[in-house]
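These are my notebook entries on one protein model. I record what I looked up, entry by entry.

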Amino acid sequence: MGKLAGYKISNIEESFTNSVDVTSYPVEKGLPITDGVKRQPKTFSISGHILAKTHSDAMKVYNALEKKQNSGTIVTYVGRTTAKNVIITSMNPSFNSSIANGMDISINLQEIRIAKSPYVKKKTTKKQSGKKSKSNKKKSKKVYHKVKRGDTYWGLSRKYGTPIPTLRKWNKYPDRRIPLNVKLRVK
């Protein structure tokens, strides 16, 4: 007995194929052969029966699996072998008089390799209805610098890491006439 996407299949036979593509070109002596080997997705074959109380119930199971096949839905198969992250590539039903309320079926599955992204999504807090949620953003505090002899926007930019055009915008003093002892916003 096995389960494909939650539907029971009475198994007769299961098999899987694990293969690689190998380069057909000559490989120079001393170079790694692994550069010419490419892993192929595993493929699974299942042969068995879809059994139900009535023939129409068995057809409902087949139609549900066919819908998953046509939409490319990723499913899991658990039986004697386990196949995670697979899609149904083909289904071959056959009907005969020995199975009154079901059908023989052969199903082929192919592994889908899902790459993991190095991107980590920040966790968000759920908002409660009717209540204001507090923002996690810290309010940026303005930082000021008292001007001494020799201070320039360029020097303040290097010291505080603020771009020169931003310093000019915040402070409204011309570059060559910054008065002494005034407070300039630098962050």
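For burial I take a residue as buried under 20% relative accessible area, as exposed over 50%, and as partly exposed in between, with a 1.4 Å probe and protein chains only. The model is predicted, so I note that local features need pLDDT of at least 70 and side-chain atom pairs count only at pLDDT 80 or more, whereas totals for chains, interfaces and linings use all residues. Residues are numbered from 1 along each chain as its sequence is written, and side-chain values use heavy atoms, with hydrogens and water left out.

Entry 1, salt bridges. I looked for a side-chain nitrogen of Lys or Arg within 4 Å of a carboxyl oxygen of Asp or Glu. I found two salt bridges in the structure. In one of them D175 is joined to R168, with the closest N and O atoms 2.7 Å apart. D175 is partly exposed at 39% relative accessible area, and R168 is partly exposed, with a value of 39%. R39 also forms a salt bridge, with E111, where the closest N and O atoms are 3.2 Å apart. R39 lies in strand β4 (residues 37-39) and E111 in strand β8, so this pair ties together parts that are 72 residues apart in sequence. R39 is partly exposed at 33% relative accessibility, while E111 is buried at 16%.

I took helices (H or I, at least four residues) and strands (E, at least two) as DSSP runs, numbered from the N terminus. The protein has three helices and 10 strands. Along the sequence I read the pattern β-β-β-β-β-α-β-β-β-β-α-α-β. Of the 187 residues in the protein, 24% are buried.

I counted two strands as paired if DSSP finds at least two bridges between them. Six strands close into a barrel, in the order β1-β2-β5-β8-β7-β6, with antiparallel pairing. On average, neighbouring strands of this sheet are turned by 45° against each other, direction ignored. Strands β2 (residues 7-17) and β5 (residues 43-51) run antiparallel and are joined by seven bridges. Here S15 stands opposite S45 in β5, and E14 stands opposite I46 in β5. Between β5 and β8, also antiparallel, I noted nine bridges. The bridge partner of I50 is M103 in β8.

I took contact as heavy atoms within 4.5 Å, and angles as running from 0 to 180 degrees between N-to-C directions of axes fitted to C-alpha atoms, for helices over the stretch in contact. Helix α1 (residues 55-71) lies across β1 (2-4), β2, β5, β6 (75-78), β7 (82-94) and β8 (102-111), and runs at about 125° to β7.

Which rings pair, and how are their planes set? Rings of Phe, Tyr and Trp (its six-membered ring) pair if their centres lie within 6.5 Å; planes under 30 degrees apart count as stacked, over 60 as edge-to-face and the rest as tilted. By this rule I count one aromatic pair. The ring centres of F16 and F44 are 5.7 Å apart and the planes stand at 35°, so the pair is tilted. F16 belongs to strand β2 and F44 to strand β5, 28 residues apart. F16 is partly exposed at 45% relative accessible area, whereas F44 is buried at 8%.

I required NZ of Lys or CZ of Arg within 6 Å of the ring centre and within 35 degrees of the ring normal. The charged end of R185 sits over the ring of W170, 3.8 Å from its centre.
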